[in-house]
Amino acid sequence: MKNNQTKTIILTAICVVMLFIPWTILPLRSFPWALESPAAEIIISSYAAFMIFSGVFTVILYAAEKIRHTLMKLCVVINGIYALGGVIAILLMLPGKFS
(Lines give C-alpha, C1' and ligand atoms only; values in the text may rest on other atoms or scores of the structure.)
Protein backbone atom coordinates (compact mmCIF):
# COMPACT_ATOMS: atom_id res chain seq x y z
CA MET A 1 0.00 0.00 0.00
CA LYS A 2 2.78 2.43 0.91
CA ASN A 3 4.63 1.78 -2.36
CA ASN A 4 1.51 2.53 -4.43
CA GLN A 5 0.93 5.78 -2.53
CA THR A 6 4.52 6.87 -3.16
CA LYS A 7 4.13 6.07 -6.86
CA THR A 8 0.94 8.14 -6.99
CA ILE A 9 2.64 11.12 -5.33
CA ILE A 10 5.64 10.98 -7.68
CA LEU A 11 3.50 10.70 -10.82
CA THR A 12 1.26 13.54 -9.63
CA ALA A 13 4.33 15.70 -8.96
CA ILE A 14 5.58 15.03 -12.49
CA CYS A 15 2.22 16.11 -13.92
CA VAL A 16 2.22 19.27 -11.79
CA VAL A 17 5.73 20.20 -12.99
CA MET A 18 4.54 19.65 -16.57
CA LEU A 19 1.96 22.39 -16.01
CA PHE A 20 4.63 25.08 -15.71
CA ILE A 21 7.21 24.05 -18.33
CA PRO A 22 5.26 25.44 -21.35
CA TRP A 23 5.37 28.91 -19.77
CA THR A 24 9.17 28.94 -20.02
CA ILE A 25 8.77 29.78 -23.71
CA LEU A 26 7.90 33.37 -22.78
CA PRO A 27 11.33 34.41 -21.44
CA LEU A 28 13.04 32.27 -24.09
CA ARG A 29 11.26 34.12 -26.90
CA SER A 30 12.50 37.47 -25.58
CA PHE A 31 15.87 36.83 -27.23
CA PRO A 32 16.19 38.14 -30.82
CA TRP A 33 17.66 34.87 -32.13
CA ALA A 34 14.59 32.98 -30.87
CA LEU A 35 12.33 34.99 -33.18
CA GLU A 36 14.24 34.18 -36.37
CA SER A 37 13.78 31.18 -38.61
CA PRO A 38 14.69 28.29 -38.17
CA ALA A 39 15.13 28.73 -34.41
CA ALA A 40 11.54 29.91 -33.97
CA GLU A 41 10.11 26.85 -35.71
CA ILE A 42 12.33 24.50 -33.73
CA ILE A 43 11.41 26.10 -30.41
CA ILE A 44 7.68 26.13 -31.14
CA SER A 45 7.74 22.56 -32.47
CA SER A 46 9.63 21.34 -29.42
CA TYR A 47 7.27 23.02 -26.99
CA ALA A 48 4.24 21.78 -28.93
CA ALA A 49 5.57 18.21 -28.86
CA PHE A 50 6.19 18.47 -25.12
CA MET A 51 2.70 19.84 -24.53
CA ILE A 52 1.15 16.99 -26.52
CA PHE A 53 3.27 14.46 -24.62
CA SER A 54 2.35 15.91 -21.23
CA GLY A 55 -1.35 15.88 -22.11
CA VAL A 56 -1.26 12.27 -23.27
CA PHE A 57 0.89 11.24 -20.28
CA THR A 58 -1.51 12.83 -17.80
CA VAL A 59 -4.60 11.32 -19.43
CA ILE A 60 -2.97 7.87 -19.43
CA LEU A 61 -2.15 8.20 -15.74
CA TYR A 62 -5.68 9.31 -15.00
CA ALA A 63 -7.36 6.57 -17.03
CA ALA A 64 -5.04 3.56 -16.87
CA GLU A 65 -3.35 4.07 -13.51
CA LYS A 66 -6.59 5.36 -11.96
CA ILE A 67 -4.96 8.32 -10.21
CA ARG A 68 -8.12 10.35 -9.74
CA HIS A 69 -7.73 12.86 -6.94
CA THR A 70 -8.56 16.55 -7.30
CA LEU A 71 -5.05 17.73 -8.19
CA MET A 72 -4.78 15.11 -10.90
CA LYS A 73 -8.16 16.15 -12.33
CA LEU A 74 -6.85 19.71 -12.54
CA CYS A 75 -3.69 18.47 -14.28
CA VAL A 76 -5.78 16.48 -16.78
CA VAL A 77 -7.80 19.56 -17.71
CA ILE A 78 -4.87 21.97 -18.01
CA ASN A 79 -2.50 19.53 -19.74
CA GLY A 80 -5.37 18.55 -22.05
CA ILE A 81 -5.79 22.17 -23.05
CA TYR A 82 -2.02 22.42 -23.55
CA ALA A 83 -2.09 19.29 -25.73
CA LEU A 84 -4.85 20.76 -27.85
CA GLY A 85 -2.83 23.97 -28.21
CA GLY A 86 0.22 21.93 -29.23
CA VAL A 87 -1.74 20.11 -31.91
CA ILE A 88 -3.10 23.41 -33.20
CA ALA A 89 0.40 24.94 -33.26
CA ILE A 90 1.77 22.03 -35.28
CA LEU A 91 -1.19 22.12 -37.67
CA LEU A 92 -0.69 25.85 -38.22
CA MET A 93 2.99 25.29 -39.08
CA LEU A 94 2.35 22.51 -41.61
CA PRO A 95 1.18 24.64 -44.57
CA GLY A 96 4.42 26.65 -44.43
CA LYS A 97 6.48 23.45 -44.68
CA PHE A 98 4.79 22.35 -47.91
CA SER A 99 4.77 25.62 -49.81
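How many salt bridges does a search of the whole structure find? The search finds 1 salt bridge. The close-ups below come from a predicted model.

**View 1. The salt bridge between Lys7 and Glu65.** The side chains of Lys7 and Glu65 meet here, with 3.1 Å from N to O. Lys7 belongs to helix 1 (residues 2–20), while Glu65 sits in the loop between helix 3 and helix 4, so the pair ties together parts that are 58 residues apart in sequence. Side chains of opposite charge can pair when their charged atoms come close. Both partners are partly exposed: Lys7 has a relative accessible area of 40%, and Glu65 has one of 38%.

**View 2. Lys66 in the loop between helix 3 and helix 4.** The backbone of Lys66 has a phi near 55 degrees. That is a positive value in a residue other than glycine. Is Lys66 buried or exposed? Lys66 counts as exposed, because its relative accessibility is 58% and the exposed class begins over 50%.

**View 3. The cis peptide bond between Ser37 and Pro38.** Omega is about 5 degrees at this bond. Pro38 is placed in the loop between helix 2 (25–28) and helix 3.

**View 4. Phe57 and its contacts.** Phe57 is part of helix 3, which spans residues 39–63. Which residues does Phe57 touch, not counting those up to four places away in sequence? They are Leu11, Ile14, Cys15 and Met18. Gly86 gives a further reference point: the C-alpha atoms of Phe57 and Gly86 are separated by 14 Å. Along the chain, Phe57 and Gly86 are 29 residues apart.

**View 5. A nonpolar surface patch that includes Val87.** Val87, Leu91, Leu94 and Phe98 make this patch. Its area is about 400 Å². Val87 is found in helix 4, residues 70–98. Val87 is partly exposed, at 35% relative accessible area.

Technical notes
Residues are numbered from 1 along each chain as its sequence is written. This is a predicted model: local features need pLDDT of at least 70, side-chain atom pairs count only at pLDDT 80 or more; totals for chains, interfaces and linings use all residues. Side-chain values use heavy atoms; hydrogens and water are left out. Helices (H or I, at least four residues) and strands (E, at least two) are DSSP runs, numbered from the N terminus. Contact means heavy atoms within 4.5 Å. Patches are made of residues with over 30% relative accessible area and no salt bridge: like charges are joined within 9 Å, nonpolar side chains (Val, Leu, Ile, Met, Phe, Trp, Tyr) within 5 Å. Accessible areas come from the Shrake-Rupley method with a 1.4 Å probe; for residues, only the protein chains shown count as cover. A salt bridge is a side-chain nitrogen of Lys or Arg within 4 Å of a carboxyl oxygen of Asp or Glu. Buried means under 20% relative accessible area, exposed over 50%, partly exposed in between (1.4 Å probe, protein chains only).
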